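The structure is shown below.

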Amino acid sequence: MTQEEYAKAREFYSFLVEISKCNNGVIHIEREKFIKLAAIMLDRTPVEAYSVLRKMQRYGWIAAIDDHFVIVNVTTSA
């Protein structure tokens with residue numbers, strides 16, 4: 001991940017933690033809408049945003065991305 005991607009990914013991760021805290025890290029959202037949201041927040045195309053999301057998943061910030069929900073690791077610090 002480039003430094004720019006990392007900075008934007010950290011900001012997006014903080015956003016995800018804040019909106020998912022009350023649900024223990026679970027966000028109920030369709031995969032397509034989640035990728036579009038990430039693309040807007042990361043200022044990337046949807047394909048590039050998905051690539052960053054996969055990197056976030058490898059870093060342990062996101063535990064799972066399913067068709068109808070996302071599980072955010074709220075205990076990890078970015």
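At 22% relative accessibility, Arg 44 falls in the partly exposed class. Arg 44 forms a salt bridge with Glu 4, with the closest N and O atoms 3.7 Å apart. The model is a predicted one.

**Salt bridges**
- The count of salt bridges comes to five.
- Glu 4 belongs to helix α1 and Arg 44 to the loop between α2 and α3, so their pairing ties together parts that are 40 residues apart in sequence.
- Glu 4 is partly exposed, at 47% relative accessibility.
- Lys 36 and Glu 32 form another salt bridge, at 3.3 Å from N to O; both residues lie in helix α2, four residues apart, or about one turn of the helix.
- Of this pair, Lys 36 is partly exposed with a relative accessible area of 47%, and Glu 32 is exposed at 53%.
- Glu 18 pairs with Lys 21, the closest N and O atoms being 3.4 Å apart; Glu 18 is exposed, at 54% relative accessibility.

**Packing of α1 with α3**
- Helix α1 (residues 3–20) packs on helix α3 (residues 46–59) at an angle of about 75 degrees, with the axes 11 Å apart.
- The two helices are therefore roughly perpendicular.
- Residues in the contact include Phe 12 and Leu 16 of α1 and Leu 53 and Met 56 of α3.
- By class, this contact has nine nonpolar, no polar and two charged residues.

**Packing of α1 with α2**
- Between α1 and helix α2 (residues 31–42) the angle is about 130 degrees, and the axes are 10 Å apart.
- This angle makes α1 oblique to α2.
- Among the contact residues are Phe 12 and Leu 16 of α1 and Phe 34 and Leu 37 of α2.
- This contact divides into nine nonpolar, no polar and one charged residue.

Note on methods:
Residues numbered from 1 in each chain as written. Predicted model: local features only at pLDDT ≥ 70, side-chain atom pairs only at ≥ 80, totals over all residues. Heavy atoms only, no water. Axes fitted to C-alpha atoms, helices over the stretch in contact; angles between N-to-C directions. Parallel < 35°, antiparallel > 145°, perpendicular 65-115°, else oblique. Contact = heavy atoms within 4.5 Å. Nonpolar A, V, L, I, M, F, W, Y, C, P; charged D, E, K, R; others polar. Salt bridge = Lys/Arg side-chain N within 4 Å of Asp/Glu carboxyl O. Buried < 20%, exposed > 50% of the residue type's maximum accessible area, 1.4 Å probe, protein only.
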